[in-house]
Amino acid sequence: MLASLEWLKQYVDINISTEELCDKITRVGLEVDTVTKLGQGLEGVVTGKVMEISRHPNSDHLWVCMMDYGQGGEPVQILTGAQNVHQYDIVPVAVVGSVLPPSGRNPEGLKLKKAKMRGLDSFGMLCSADELGIDSKVLLPEQRNGIFILPPDTPIGVDVKEVLGLNDTVIDIDLTSNRADCFSIIGLAREISAITGCPLKMPALDVKEAAGGNAADYVSIKIDAPELCPRFATRVLKDIKITESPEWMQRRLRACGVRPISNVVDVTNYVMLELGQPMHAYDADKVTGRTLIVRRAEEGEKLITLDDKERILNPSMITIGDAEKAAGLGGVMGGLLTEVTGETKNVILEAASFHGPSIRRTSRALGLRSEASGRFERGVDTILTHNALNRAANLLENMGACETFAGIVEAYPEEVKPAVITTTPAKINGRIGFVISREEIVEILVKLGFGVEEKGEELVVTAPSWRRDIECDADISEEIARMHGYDYIESHQPELTITQGHQSVLDDVKDAIQDYMTSAGLNEMMTYSFIKATAFDKMLLPAEDSRRSCIELLNPITDAFSVMRTTMIPSALQTASFNLRNHNDSVALFEVGRIFLPKSLPLTADPEERPMLAAVLSGRRKALSWCDTKENVDFYDMKGIVEGLLEAMQVPEYSLVRSSAPYLHPGKSCDIVMDGKVIGSFGEVHPVAQENFELDQTTYVLEMEVEPLVASATAVPKYQHLPKYPAMSRDIAVVVPSEVTNEEIEGVIRAHAGELLRNVRVFDIYTGKQVAAGCKSMAFNLTYQAADRTLTDAEVDASMKAVIAEVAEAYKAKLRE
């Protein structure tokens with residue numbers, strides 16, 4: 001927010017230095033970013049009049065000007081190469097000894113000396129806006145090049161800083177989003193008044209209404225979208241005369257970074273900067289039916305805005321329309337078809353209040369931001385809308401630019417009321433942590449414009465209409481604290497119970513998983529939580545698979561990240577594919593991340609964020625070396641990682657069963673089962689899925705839930721003594737049908753071998769000439785051991801006999817000799 005100090009002084013007496021003022025307003029929460037003294041480095045430049053002008057006798061582009069700049073005596077000769085200077089023009093004159101600030105033409109500034117140009121003396125120079133240090137953005141196009149021509153009634157011999165307002169100081173305040181009330185000169189003056197105790201002086205709001213008619217007979221207003229526009233008010237001006245605005249107004253606009261255009265446009269901008277209420281002016285004779293309707297735009301509706309660009313609208317945007325067409329984009333920019341021009345005779349002035357979030361979305365969608373939209377996004381004072389209309393009409397009447405019809409025509413469906421909050425000094429002091437007297441609390445609130453009614457111990461506080469950020473007693477406490485002064489509030493140690501900080505058990509488990517996976521030789525990857533919806537097709541998931549029920553993003557970064565992932569498999573395989581395409585032929589990666597499972601669609605509650613482990617292997621098992629083989633990883637590498645991880649996490653019981661995951665090879669994959677529930681799957685990627693993800697070599701993938709590991713991972717390991725008595729082992733080889741799995745036979749063995757069995761493992765699987773077609777030979781090693789004695793052959797043989805009998809009966813197995 002740029003604020004002219006000269007402008008501020010019109011409404012509040014500032015009897016302290018600029019530095020002290022900036023310090024004070026910063027201490028109450030309005031942080032001063034920069035302080036700029038306009039005209040700094042500009043000395044001795046005055047206004048002068050071109051009495052005579054003629055061609056230089058020795059040059060076809062230089063002019064000889066005889067200048068009167070109020071020094072008395074004969075005119076002074078000054079030469080210029082500018083082509084826009086004419087006799088009797090009044091221009092800025094830098095005489096010998098004048099100093100110019102740094103500019104594009106003179107980067108280091110310039111002190112004027114007598115000069116000779118093509119044989120003639122020049123006793124100064126005529127100045128352009130750039131040489132005076134005026135930003136070209138606040139000038140009309142015709143003022144940006146050549147000599148800066150001043151209004152014809154400008155007095156001669158006056159310091160140009162006084163004429164152009166370059167003796168002003170501009171304060172740039174970095175406002176927080178909640179302080180929309182300070183996005184205006186009056187808002188800042190109100191704060192300064194409260195800080196310094198100097199009274200606030202409001203601008204003139206009286207309107208003569210001499211047009212001889214009622215505005216209600218001339219224009220009608222309707223609001224079809226009250227949720228987007230709570231109030232829309234207008235005044236009607238008659239016989240408007242479009243001219244330049246007064247120089248004093250132009251000075252203030254330029255100081256605040258706004259380019260003067262014409263009196264009507266300048267007044268609307270001036271009032272917006274002064275009162276914080278954006279305004280818009282319509283050419284009344286171009287408004288069909290003399291009716292303005294606030295409505296939602298139609299899908300695909302077109303509007304040419306004042307910047308001469310066609311905008312394609314949608315129903316989320318606020319449109320101001322007349323009986324036939326869209327006349328403006330509410331809260332952002334007016335329409336070109338109803339623009340006020342030099343031929344305009346009658347004007348409808350608008351001051352409205354719009355829904356801030358809607359304005360923000362519209363500005364972003366169209367790439368169109370304006371001073372008005374920035375204020376509406378933060379929120380404007382709905383209750384004092386009339387002040388802006390009256391102020392604008394007052395200014396134009398005083399310029400002699402128009403007459404005003406009687407009355408204000410508006411639509412105001414539901415009255416907006418300021419917040420009323422009940423609190424007590426004890427609550428305020430308890431929240432601040434410092435005792436401030438009741439009298440001071442009331443005094444501060446009254447200075448800030450709050451209404452205060454004392455009811456016993458309670459204070460009933462009514463927030464002023466411009467303070468839309470005041471919602472609860474915590475906001476009242478903040479107002480008291482900042483105005484009392486944070487520097488005067490003593491610091492003290494909080495009376496809190498000190499507790500030892502630690503991370504959750506789940507995070508401990510994640511750390512342990514990451515430690516194990518890195519120790520197993522895998523590198524950690526980090527992927528987005530978003531995937532492309534087509535990834536489910538690449539994974540070969542059937543249509544009814546629950547993982548297809550995913551959350552779609554309203555504003556995705558790209559189409560490749562359009563939904564929240566419900567599985568980490570696509571992220572892992574896409575990362576592997578990227579590495580392989582970039583000639584990293586050996587991939588060993590893992591990630592501990594999250595998947596997002598909606599409880600219902602569309603979302604009615606936060607989705608479940610389930611922590612998961614994903615890993616992917618592909619390529620060589622080891623780096624190329626003269627002493628190592630060149631073998632590639634296989635299914636058993638991934639299986640070993642899974643088993644090693646579960647052992648490291650102290651998982652007591654689990655099983656690996658054949659997986660039916662559609663993205664895995666049906667004969668080279670497993671599900672991980674704990675307590676009867678599948679918590680993960682791993683194996684070789686299905687050939688079709690492998691092709692879909694552009695993997696040009698065999699790849700193995702793992703996905704497993706993390707939370708089921710928490711219970712076992714947090715258990716204290718139990719110490720077991722080394723066995724005192726020796727173990728005995730027996731081997732058994734059986735021929736079974738090919739579809740029988742190792743797990744099935746192992747289950748029968750463990751169920752019938754007795755309590756002396758310590759371990760079972762398969763050590764050979766054979767198919768060949770000695771085995772019947774459709775069958776396979778499986779060899780198991782069984783280990784027996786007792787804690788209190790040495791086992792006898794008879795005990796072990798009895799167990800083996802029972803095992804062989806049960807396996808033979810269950811699977812029609814034959815003992816292989």
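How much space lies in the second largest pocket? About 1200 Å³ of space lies there. The structure is a predicted model, in which local features need pLDDT of at least 70 and side-chain atom pairs count only at pLDDT 80 or more, while totals for chains, interfaces and linings use all residues. Residues are numbered from 1 along each chain as its sequence is written, and side-chain values use heavy atoms, with hydrogens and water left out.

**The pocket**

A pocket is an open set of points on a 1 Å grid over the protein atoms alone, with protein on both sides within 12 Å along at least five of seven lines; a cavity is a set of points where a 1.4 Å probe fits but cannot get out, and lining residues have an atom within 4 Å of a point. Grid points are joined across faces, edges and corners, and a volume is the space filled by probe spheres set on the points.

The lining of the second largest pocket consists of 33 residues, and K639, L656, C670, N742 and E743 lie nearest its centre. Two or more lining residues come from each of helix 16 (635-648), strand 32 (655-658), strand 33 (664-674), helix 19 (742-752), strand 37 (757-766) and strand 38 (775-784). Helices (H or I, at least four residues) and strands (E, at least two) are DSSP runs, numbered from the N terminus. The lining has 14 nonpolar, seven polar and twelve charged residues. Here Ala, Val, Leu, Ile, Met, Phe, Trp, Tyr, Cys and Pro count as nonpolar, Asp, Glu, Lys and Arg as charged, and the others, Gly among them, as polar.

**Helix pairs**

Axes are lines fitted to C-alpha atoms, for helices over the stretch in contact, and angles run from 0 to 180 degrees between N-to-C directions. A crossing is left-handed if the near helix is turned anticlockwise from the far one by less than a right angle, and right-handed if clockwise.

| Helix pair | Angle | Axes | Crossing |
|---|---|---|---|
| helix 5 (residues 247-255) and helix 6 (residues 263-275) | about 55 degrees | 10 Å apart | left-handed |
| helix 19 and helix 20 (residues 793-811) | about 140 degrees | 9 Å apart | right-handed |
| helix 7 (residues 356-366) and helix 8 (residues 371-378) | roughly 140 degrees | within 7 Å | left-handed |

Angles under 35 degrees count as roughly parallel, over 145 as roughly antiparallel, 65 to 115 as roughly perpendicular and the rest as oblique. Helix 5 is therefore oblique to helix 6. Contact means heavy atoms within 4.5 Å. In this pair, W248, M249, Q250, R252 and L253 of helix 5 meet D266, V267, N269, Y270 and L273 of helix 6. Six nonpolar, two polar and two charged residues make up that contact.

Helix 19, which also gives residues to the pocket lining, is oblique to helix 20. Its residues E744, I745, V748, I749 and H752 touch A802, V803, E806, V807 and Y811 of helix 20. This contact has seven nonpolar, one polar and two charged residues.

Helix 7 is oblique to helix 8. G356, I359, R360 and S363 of helix 7 are in contact with S373, F376 and E377 of helix 8, and these residues divide into two nonpolar, three polar and two charged.

**Backbone details in loops**

L601 and P602 are joined by a cis peptide bond with omega of about -5 degrees. P602 is in the loop between strand 30 (587-597) and strand 31 (608-618). Y88, a residue other than glycine, has a positive phi near 75 degrees; Y88 is placed in the loop between strand 5 (76-80) and strand 6 (90-100). For D675, phi is positive and near 50 degrees, and D675 lies in the loop between strand 33 and strand 34 (677-685).
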